[in-house]
Protein chains: 2
Amino acid sequence: MSNELPLSKEQILDTAEQVLRRFGPDKTSVLDVARALQVSHGTLYRHFSSKASLREAVTDRWLTRSIAEPLADIANGTDGSYSVRLRLWLQTLIGCKRTYASDDPEMFAMYAAVTESAAEIIEAHLDHLIGQITTIIEGGIRAGEFKALEPRETARAIFLAFLHFHHPAHFRQWTNERIDADFDAVWRLLLGGITSVPSH
Amino acid sequence: MSNELPLSKEQILDTAEQVLRRFGPDKTSVLDVARALQVSHGTLYRHFSSKASLREAVTDRWLTRSIAEPLADIANGTDGSYSVRLRLWLQTLIGCKRTYASDDPEMFAMYAAVTESAAEIIEAHLDHLIGQITTIIEGGIRAGEFKALEPRETARAIFLAFLHFHHPAHFRQWTNERIDADFDAVWRLLLGGITSVPSH
């Protein structure tokens, strides 16, 4: 197999994602991906030693591209007040999850499975997202719009308080007719908890 | 089988719970429960027409006895301020769930499965619990301790904001070392959102 061209990680992940979508995560083996790439099992094995590691790498890339990167633009943006930005950030996170749950069910199912099994990848993803909320909270505190809260701890609490709307375990509730009213109710509660009270 | 004594629903559920604990929910059939009760399959079938309905009835009774009833005493109690009562109510809910997850894993697994499949039972249970939070919120508003919130909507938002700590889908997180710090952070956020601001 000395005539094989070197494979980039991105090429492998592109093909792995296609194969995983076609066959489903349970039925896709490392060998299937090697075949689709027209390389030997051994070549691919040097990059990914198991089905699980292949699935996790594809999910990790998907989480970064489809969730974390679009949200970073909002967290680092300058439009509107900090509470407007925080609400938009949460709604975008939730909107992305809902869209993927309905329009990309294969990828969503794989992400839901990885959420259960690959704690490290998910922890890193959550830390990254909570870091983005922290940026918004810090800005709001500096601007006097939010109370003098502990930013990172508050960001984590906000992320957890909205779990119903973005954690894949609850996706069946996302088509419930009162999901938007529920979001508004939790949002109002949160906003009351973080907004600074005008001094007299 | 005319010599069979009439069976009460409670007797059936007591025996069904024992059998389900012994064999596990997946392996227990209506016939197993009939055998343990020493009645014919047909007799039991008049009460429960499927494995699923038997499991749901046992879970429903368990939810009422183990969760809803102990919490009602707190919601209807008169000790402490309303925010102290609300915190105690949430901590008791969460404490019950954690205890059952570790000490009664068979029943907890059955409850987690029913949560996924039997929407009506779970909805009724949630409505009941949210009604208890509503009672506390209404008291706190009357006493001037809480803002003039819409009580039921606020109660639902509080229940949802603490999902991470009480929904069975998240039970793996309950042994995480920072779970109590996370609870405190969400609690502080919530308390800031509901507590009335002293007027000047």
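How far apart do the end C-alpha atoms of residues 29-48 of chain A lie, and what share of the span is helix? The end C-alpha atoms lie 11 Å apart, and the span is 75% helix and 0% strand, where helices (H or I, at least four residues) and strands (E, at least two) are DSSP runs numbered from the N terminus. This is a predicted model, in which local features need pLDDT of at least 70 and side-chain atom pairs count only at pLDDT 80 or more, while totals for chains, interfaces and linings use all residues. Residues are numbered from 1 along each chain as its sequence is written, chains are lettered from A, and side-chain values use heavy atoms, with hydrogens and water left out.

**Annotated regions of chain A**

- UniProt, in an unreviewed entry, gives residues 29-48 of chain A the annotation "DNA-binding region"; such annotations may be inferred rather than shown by experiment.
- The UniProt feature "domain: HTH tetR-type" (unreviewed entry) is placed at residues 6-66 of chain A.
- Over residues 6-66 of chain A, the chain is 75% helix and 0% strand, with end C-alpha atoms 27 Å apart.

**The two domains of chain A**

- Chain A is divided into domain 1 (9-47) and domain 2 (60-194), with bounds from an automatic or database domain assignment.
- Seven residues of domain 1 of chain A are in contact (heavy atoms within 4.5 Å) with six residues of domain 2 of chain A.
- These domains bury about 650 Å² between them, buried area being the accessible area (1.4 Å probe) that two parts lose on being put together, summed over both.
- In domain 1 of chain A, Glu17(A), Arg21(A) and Pro25(A) lose the most area to domain 2 of chain A, together 62% of what that side buries.
- Five salt bridges (a side-chain nitrogen of Lys or Arg within 4 Å of a carboxyl oxygen of Asp or Glu) are found across this interface.
- Glu10(A) forms a salt bridge with Arg61(A), with the closest N and O atoms 3.1 Å apart.

**The interface of chain A and chain B**

- The contact takes 30 residues from chain B and 30 residues from chain A.
- About 2400 Å² is buried between chain B and chain A, and carbon and sulfur atoms give 57% of this area.
- In chain B, Arg156(B), Leu160(B) and Leu189(B) lose the most area to chain A, together 23% of what that side buries.
- The count between chain B and chain A is eight salt bridges.
- Glu116(A) forms a salt bridge with Arg172(B), the closest N and O atoms being 2.6 Å apart.
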